[in-house]
Amino acid sequence: MPNIKSSKKAVKVIAKKTDNNHELKARVKNSIKNTDKAISANDKELATTLFKDTQKSIDKAVSKGFIKKNTASRQKSRLAQKVKNMK
């Protein structure tokens with residue numbers, strides 16, 4: 001444990017940022033998984049609504065610097081193509 005007051009504060013700040021990053025990472029991954037599940041279940045209405053939410057969460061992750069821009073674009077493109085090609 002740190003002895004200096006600023007170091008103690010830094011430990012708290014790092015813990016809070018880590019929790020926020022884990023939450024954002026889980027939100028993105030879970031939204032992608034849920035969209036894939038809806039696509040595999042052939043539920044087009046649910047898939048389109050989940051896809052919109054997934055786009056929002058991916059874009060938020062990009063704005064926070066969590067995901068690179070090209071990675072986000074690739075993920076959104078692949079999901080959009082899957083939703084579009086649903087029967």
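Partly exposed means a relative accessible area between the buried limit, under 20%, and the exposed limit, over 50%. Keep that in mind for these exercises on a predicted model.

**Exercise 1.** Find the residue that meets Glu23 in a salt bridge, and classify the accessibility of both side chains.

*Solution.* Start with the contact: Glu23 and Arg27 form a salt bridge with an N to O distance of 2.8 Å. Now the accessibility: Arg27 has a value of 38%, so Arg27 is partly exposed. Glu23, at 46%, is partly exposed as well.

**Exercise 2.** Work out which helices are linked by the salt bridge between Asp36 and Lys82.

*Solution.* First, check the distance: the closest N and O atoms of Asp36 and Lys82 are 3.3 Å apart. Then locate the partners: Asp36 belongs to helix 1 and Lys82 to helix 3 (residues 69-84), so the bridge ties together parts 46 residues apart in sequence. Finally, Asp36 is partly exposed at 27%, and Lys82 is partly exposed at 40%.

**Exercise 3.** Decide whether Thr54 is buried or exposed, and name its polar side-chain partner.

*Solution.* Begin with the location: Thr54 sits in helix 2 (residues 44-63). Its relative accessible area is 1%; buried requires under 20%, so Thr54 is buried. To finish, the side chain of Thr54 makes a polar contact of 2.8 Å with that of Thr35.

Terms used:
Residues are numbered from 1 along each chain as its sequence is written. This is a predicted model: local features need pLDDT of at least 70, side-chain atom pairs count only at pLDDT 80 or more; totals for chains, interfaces and linings use all residues. Side-chain values use heavy atoms; hydrogens and water are left out. Helices (H or I, at least four residues) and strands (E, at least two) are DSSP runs, numbered from the N terminus. Buried means under 20% relative accessible area, exposed over 50%, partly exposed in between (1.4 Å probe, protein chains only). A polar contact is a pair of N or O atoms within 3.5 Å; within protein, one must be able to donate a hydrogen and the other to accept it, and residues adjacent in sequence count only if both atoms are side-chain atoms. A salt bridge is a side-chain nitrogen of Lys or Arg within 4 Å of a carboxyl oxygen of Asp or Glu.
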